[in-house]
Amino acid sequence: MPCYLFVLCPPYSGSTLLWKLISTSINVSSLPLEGQSLPELVTVMREKPWNRDHVLPWPQIKAVWETYWDTKKPVLLEKSPPNIIRTQAILANFKPVKFIIMVRNPYAHSEGLMRRNNWSVKRAANFSIMCLRTQLENTRELNGALALTYESLVLNPTKACQKIAQFMPELSDMDTEASFEIHSIDGTLSRPITDLNTVKTASLSAATIASMNDVFSQHPETLKAWGYELLVPPL
């Protein structure tokens with residue numbers, strides 16, 4: 001019986017990179033798009049995607065996904081960012097199931113939310129903190145889960161892949177040397193695993209960082225749990 005593997009990762013936090021990296025394994029069948037973006041499901045899954053009280057028709061969703069997956073493969077992979085708030089429903093509908101949880105530095109994450117969605121600084125910062133808190137809850141509540149940070153993946157891909165392979169031996173043949181087409185601050189480019197945090201945070205003004213800090217400073221324990229610190233705005 002194949003195992004369902006869900007990448008739990010907020011938007012603009014490296015989910016596509018991790019998804020494509022895992023998909024280099026011969027043992028993996030991944031959906032052609034995020035599960036929420038498949039044509040049969042986009043109107044269903046993109047309605048109120050971040051509303052925790054919105055109930056989704058999971059048997060229907062699962063049936064559609066299984067028409068795309070090669071169910072002869074031992075690992076069936078999915079990544080839709082709103083799944084970070086849907087873990088209990090996923091547990092109830094997919095067995096056996098495992099999760100890889102990933103987060104990103106909140107300044108870099110917020111920059112992506114602002115640039116890609118045209119969000120205000122405060123909205124982006126609050127959403128980023130919500131994701132960090134939700135992912136922290138997921139690490140504590142999900143038994144079959146591995147937690148990573150974007151930074152640990154891009155700064156040492158070999159070590160990160162070894163950690164993933166220990167968690168799920170079927171993924172031991174992932175190709176860390178592959179190049180991936182990823183949407184980024186530099187546009188859509190094909191390149192090897194690359195840390196883009198520095199260029200993203202360097203684009204933030206002192207006023208923007210200070211405004212983000214108004215939000216982030218209210219959640220010191222959440223930041224500490226993931227190993228993140230407040231940035232000092234440049235003079």
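In this predicted model, the mean positions of the 23 positive and 21 negative charges of the protein lie 3 Å apart. The protein contains 11 helices and 7 strands. Its radius of gyration is 17 Å, which agrees with the value near 18 Å that a compact globule of 235 residues would have.

**Overall dimensions and surface**

- Taken along the principal axes, the C-alpha atoms of the protein fill a box of roughly 55 × 40 × 35 Å.
- The protein exposes about 11000 Å², and carbon and sulfur atoms supply 52% of that area.
- Of the 235 residues in the protein, 51% are buried.
- When contacts between residues at least 6 apart in sequence are considered, 75% join residues at least 24 apart.

**Nonpolar cores**

- In soluble globular proteins, nonpolar side chains tend to be buried together.
- The largest nonpolar core holds 43 residues, of which Phe6, Trp58, Trp65, Phe94, Met212 and Phe216 touch the most other members.
- Two or more residues of this core come from each of β1 (3–8), α3 (58–68), β4 (97–103), α5 (106–117), α6 (121–141), α10 and α11.
- The most is given by α6, which supplies 8 residues to this core.
- Apart from this core lies another, of 28 residues, including Cys3, Leu18, Ile100 and Leu171.
- Methionine 212, once its neighbours within four places in sequence are left aside, is in contact with Tyr107, Ser110, Glu111, Met114, Val121, Ala125 and Leu204.

**Histidine 219**

- The loop between α10 (206–216) and α11 (220–226) contains histidine 219.
- Histidine 219 has a relative accessible area of 17% and is therefore buried, the cut-off being under 20%.
- Leaving aside its neighbours within four places in sequence, histidine 219 is in contact with Ile129 and Arg133.

**Arginine 46**

- Arginine 46 is located in the loop between α2 (42–45) and α3.
- Because its relative accessibility is 39%, arginine 46 counts as partly exposed; that class lies between the limits of under 20% for buried and over 50% for exposed.
- Beyond its neighbours within four places in sequence, arginine 46 is in contact with Gln36, Leu41 and Pro82.
- The C-alpha atoms of arginine 46 and proline 82 are 9.2 Å apart in space, while the two residues are 36 residues apart in sequence.

Notes:
Residues are numbered from 1 along each chain as its sequence is written. This is a predicted model: local features need pLDDT of at least 70, side-chain atom pairs count only at pLDDT 80 or more; totals for chains, interfaces and linings use all residues. Side-chain values use heavy atoms; hydrogens and water are left out. Helices (H or I, at least four residues) and strands (E, at least two) are DSSP runs, numbered from the N terminus. The radius of gyration is taken over C-alpha atoms; the globule rule is 2.2 Å times the number of residues to the power 0.38. Buried means under 20% relative accessible area, exposed over 50%, partly exposed in between (1.4 Å probe, protein chains only). Contact means heavy atoms within 4.5 Å. Accessible areas come from the Shrake-Rupley method with a 1.4 Å probe; for residues, only the protein chains shown count as cover. Lys and Arg count as positive and Asp and Glu as negative; His and the chain ends are not counted. The place of a charge is taken as NZ of Lys, CZ of Arg, CG of Asp or CD of Glu. A nonpolar core is a set of buried Ala, Val, Leu, Ile, Met, Phe, Trp, Tyr and Cys residues joined through side-chain atoms within 4.5 Å.
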